[in-house]
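Visitor: I am new to this structure, and I would like to understand the words used for it. Could you take me through it slowly?

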Amino acid sequence: MYCFDILSLLILLSSFALMANKKSKSYIKSFRIQSLLIAIAAGMMGIKTIIEEGRFDVMVVCLLIIILKVIYIPNILNKTYTKAKYQVEKDFILNIPILILVCCGLVVFSYFSLSTIDGINDGMINVQVVNSISVILIGLFFMISRRKAIGQIIGLLVIENGLFVTAMFSTQGMPFIVDIGIFVDMLTAVMILGIMVFKINEEFESINIDKLNKLKG
Amino acid sequence: MRNLLYIVIQLLVIVMVAPLLNGIIKKIKAFSQKRKGAPIFQMYFDLYKLSRKSSVVSDVSSWIFKVTPYIVFATAVAAALLVPVSSLIAPEQIPGDFIMLVSILALGRFFIMITALDTASTFGGMGSSREAMISSLIEPSILVSLFTMGLVTKSTSLLPMMNVMKGIGFPLAHPGCITIFLALFTIIIAESSRIPVDDPATHLELTMVHEAMILEYSGRHLALMEYGAAIKQLTLITLLVNILIPHDQLIAITGIGAVVLSLTIYLIKVIGISIIIAIAEVSTVKFKLFSIPNLAAMSFILAFLGFLQYFVLGGCYVLF
């Protein structure tokens with residue numbers, strides 16, 4: 001019925017909650033909640049495909065999401081960021097209410113730009129796809145609006161979440177090998193970024209990306 | 001006759017139950033702090049005791065100071081009459097709609113704000129300026145969410161809205177209604193001065209908003225002010241539960257038994273919502289004043305997303 005509509009809306013709302021936060025702890029928490037919602041959506045999709053087509057791959061993807069995105073990646077980030085000096089973001093490019101209103105504009109934009117595409121919609125707008133594309137755009141905007149490295153990493157992860165959800169809702173389960181490829185890429189990216197941020201924090205005593213353009217030696 | 005019966009039942013239910021909710025919320029907060037807490041009927045005893053005491057009025061205050069408690073109480077009761085507790089007891093038509101509801105509540109709030117300025121105490125001015133900020137931030141989201149419900153049900157009056165939602169069955173299964181529900185819940189927390197926005201139990205000058213405005217009152221004036229605030233809170237909760245979680249379609253019997261059953265389910269829903277409010281209050285800390293625009297922006301966004309879902313998917317609501 002409306003289960004997938006509701007889940008896609010909740011995923012969108014969790015990215016709004018991410019946008020309204022200031023602390024690196026709450027970034028990680030919001031990301032974890034979003035991944036959990038995606039895992040629930042993938043699990044329901046998996047049950048549907050098992051019953052209808054007899055494929056098990058979406059279920060495997062769901063388990064992978066739970067292991068990697070709900071448990072492993074947030075734990076790595078938590079471990080790295082409890083050592084960082086600055087836990088609270090102070091310097092935004094705009095204040096939070098305006099950022100949230102801009103995100104709302106992004107949602108409206110994706111609604112109206114997707115309403116002209118024929119393939120996905122067949123007659124009525126596919127809300128799930130619209131909501132998940134808004135998640136991608138909000139992740140991108142989140143990367144722009146935060147100056148600390150943690151914001152950039154979380155933004156990247158949210159973009160990836162949005163891409164996964166878009167693929168899942170528009171095709172009812174992507175080919176298995178594509179999903180696995182994206183996951184492995186993501187995992188290595190996060191591990192490298194985590195180690196790099198740790199090194200940057202050690203060298204420069206700050207993880208503000210504005211200071212990274214100065215040479216040190 | 002039916003009108004008179006409606007008014008009597010409505011007033012009895014809302015006016016009698018309103019202080020109970022505060023008692024329940026306080027009890028749950030006490031349990032969360034491992035205390036026994038005051039009995040849940042404590043607010044009735046407080047109101048009774050306050051109403052027997054004479055009130056102290058400052059020499060420098062004007063007529064506004066004396067007239068405000070009555071206006072606040074009267075506006076709260078008038079607002080309560082606009083939101084039927086059960087569609088079974090309601091007459092064919094109730095004059096007034098949700099725009100009138102919002103403006104009546106705004107009238108009471110306006111008088112609280114000017115009376116806080118009237119005695120020229122420093123706390124009063126601070127409290128009323130904060131209240132003006134919070135209420136002007138919250139009002140867009142309450143209007144957008146109620147207008148969306150009006151668009152869905154093709155009416156601005158609350159009784160037809162309730163009847164249409166009754167026909168839908170379980171509106172919360174629709175994504176648009178979930179966001180409206182969350183938005184209205186945030187609004188209730190802000191309007192009834194609960195914890196993320198304002199602390200109802202504090203008398204610390206840095207944090208109080210609603211308490212700062214009624215600080216000068218005592219005796220029966222204070223009783224009227226507190227009673228008015230409690231009735232306003234119950235009115236908003238009634239609006240939430242009766243529009244978004246309708247229950248009258250479940251009742252198969254007719255006659256007086258149906259009304260009693262309907263009112264019982266209504267009370268259960270209201271108590272459920274107040275338990276959720278208490279849990280929300282226990283599990284968050286008070287925001288600093290300049291973080292309240294973030295909360296208001298979130299509540300506006302929730303209302304606006306609900307509106308967008310309706311606007312883009314207007315056809316989906318017809319499916320019910």
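Guide: In the contact between the two chains, chain B brings 16 residues and chain A brings 18 residues, where two residues are in contact if their C-beta atoms, placed from the backbone, lie within 7 Å. This is a predicted model, in which local features need pLDDT of at least 70 and side-chain atom pairs count only at pLDDT 80 or more, while totals for chains, interfaces and linings use all residues. Residues are numbered from 1 along each chain as its sequence is written, and chains are lettered from A and ligands numbered from 1 in the order in which they are written.

Visitor: How do you know that the span of helix 1 of chain B agrees with its number of residues?

Guide: The expected span is 1.5 Å times one less than the number of residues, so the 31 residues of helix 1 (residues 2-32) of chain B should span 45 Å, and the end C-alpha atoms are 44 Å apart, which agrees.

Visitor: Where does the kink in helix 1 of chain B lie?

Guide: A kink of about 30° lies at B:Ala18, shortly before the proline B:Pro19, the bend being the angle between axes fitted to the seven residues ending at a residue and the seven starting there.

Visitor: Which residues of helix 1 of chain B are called buried?

Guide: Among them are B:Val13, B:Val17, B:Ala18 and B:Pro19, and a residue is buried if 20 or more other C-beta atoms lie within 10 Å of its own, exposed if 12 or fewer, and partly exposed in between. The buried residues of this helix pack against helix 2 (42-51), helix 3 (63-82), helix 9 (219-244) and helix 10 (256-283) of chain B.

Visitor: How many residues of chain A count as buried?

Guide: Of its 217 residues, 36% count as buried, and the secondary structure of chain A comes to 7 helices and 0 strands.

Note on methods. Helix = DSSP H or I, 4+ residues; strand = E, 2+ residues; numbered from the N terminus.
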